[in-house]
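Work through the exercises below with the structure in view. Try each task before reading its solution.

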Amino acid sequence: MPITLLLFLLSAVTIYLACEYFVNGIEWTGHHLKLSQSATGSLLAALGTALPECIVTLSALLMGDASAQQQIGIGAALGGPLVLSTLGYAAVGLTLLLCLSPEQRVTDEAVQREISRDQLWFAGIFLVAVALGMVAFDGKAWLAPLFVLIYLVYVRRELRQTDSHEVSLPDPLKLDPGARIPARGKVLLQTLGALLAVTLAAQLFVHQLESMGEVLGLSPALAALLLSPVATEMPELMNVLIWVRQGKNRLALANISGAMMIQGTIPKAFCLLFTPWLLDNTMLISSLVTLLAVVLLWWGFRRGRMTATRLAWVGLVYLAFCGWLGVS
């Protein structure tokens, strides 16, 4: 157990330090590609940091005992959106409250409306996925490309976004701090190198949490639903911490909403391809909890009234679900 805790802390610190380089590199990548801040956060950053969760889901589905591994894969596919819609946004709220002044905590209403549209997209996709998980029929695998297509439509929409105000240059590239506009090669080297470090550290983090789950007596499926997503979503949470601390709320919020769109489509496509995609009672409850959190977020963002305190309170939805699991 002491070695597990040491590796747990070491991997968490590594993820944070690598994310410092990743977010800096991804901002410059978005600048070179002439993408809006929204697209940089929701597409580039989200694609990179969502890789660990997608890898965990796919690995679980393709390896080991069929029935048990399928449950782990489905749990991981459902756990990612659950963690992002609760702890992810709560992390934004808490970081705003702890690191910024009241004046700096305010998020522009136009940005909030953008995020509310992402919540609406996700809710629609997730409802379809949950409905499919409640019925058994032949040919579910043929619906997998539909989820990939939906994500591509979302990508097209994000690429059309433009910044409504002048955006300053990102902070100097860490690999080339003296350059006003760093070369693309150095930007890509820093970004991809940091992403590799994040992915490897996240895998180590996952294994340590799985070991803790065994000590706590959690089943593999519950560990995949509760603990594994916390580990694999660590890069998003670290990005949030870094960007909010820098006052870049739009990038932080877009990163989470973009990661949710990936988690709502790509892992679901994997599950439809390799499993019957049937949800047990615990997974259905977790899906309802996710939808509850998303509806609360959509309502607050749509009205432009999602304050830092209200974002922080969303984290209680996740804690309530964990409490229900402990009692049941």
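**Exercise 1: A loop residue**

Task: Locate Lys 34 in the chain and say whether Lys 34 is buried or exposed.

Solution. Step 1: Lys 34 sits in the loop between helix H1 (2–32) and helix H2 (37–62). Helices (H or I, at least four residues) and strands (E, at least two) are DSSP runs, numbered from the N terminus. The model is predicted, so local features need pLDDT of at least 70 and side-chain atom pairs count only at pLDDT 80 or more, while totals for chains, interfaces and linings use all residues. Residues are numbered from 1 along each chain as its sequence is written, and side-chain values use heavy atoms, with hydrogens and water left out.

Step 1: Phi of Lys 34 is near 60°, a positive value in a residue other than glycine. Most residues other than glycine have a negative phi.

Step 2: Lys 34 has a relative accessible area of 73% and is therefore exposed. The classes are buried (under 20% relative accessible area), exposed (over 50%) and partly exposed in between, with a 1.4 Å probe and protein chains only.

**Exercise 2: The core**

Task: Which residues touch the most other members of the largest nonpolar core?

Solution. Step 1: A nonpolar core is a set of buried Ala, Val, Leu, Ile, Met, Phe, Trp, Tyr and Cys residues joined through side-chain atoms within 4.5 Å. Step 2: The largest one has 82 residues, and Ile 15, Tyr 89, Val 92, Tyr 151, Trp 277 and Phe 301 touch the most other members. Helix H3 (residues 66–99) gives the most to this core, 10 residues.

Step 1: Take Tyr 151 and leave aside its neighbours within four places in sequence: Tyr 151 is in contact (heavy atoms within 4.5 Å) with residues including Leu 43, Met 261 and Ile 266.

**Exercise 3: The whole chain**

Task: How many helices and strands does the chain have, and what share of the chain is buried?

Solution. Step 1: There are 12 helices and 0 strands. Step 2: Of the 328 residues in the chain, 54% are buried.
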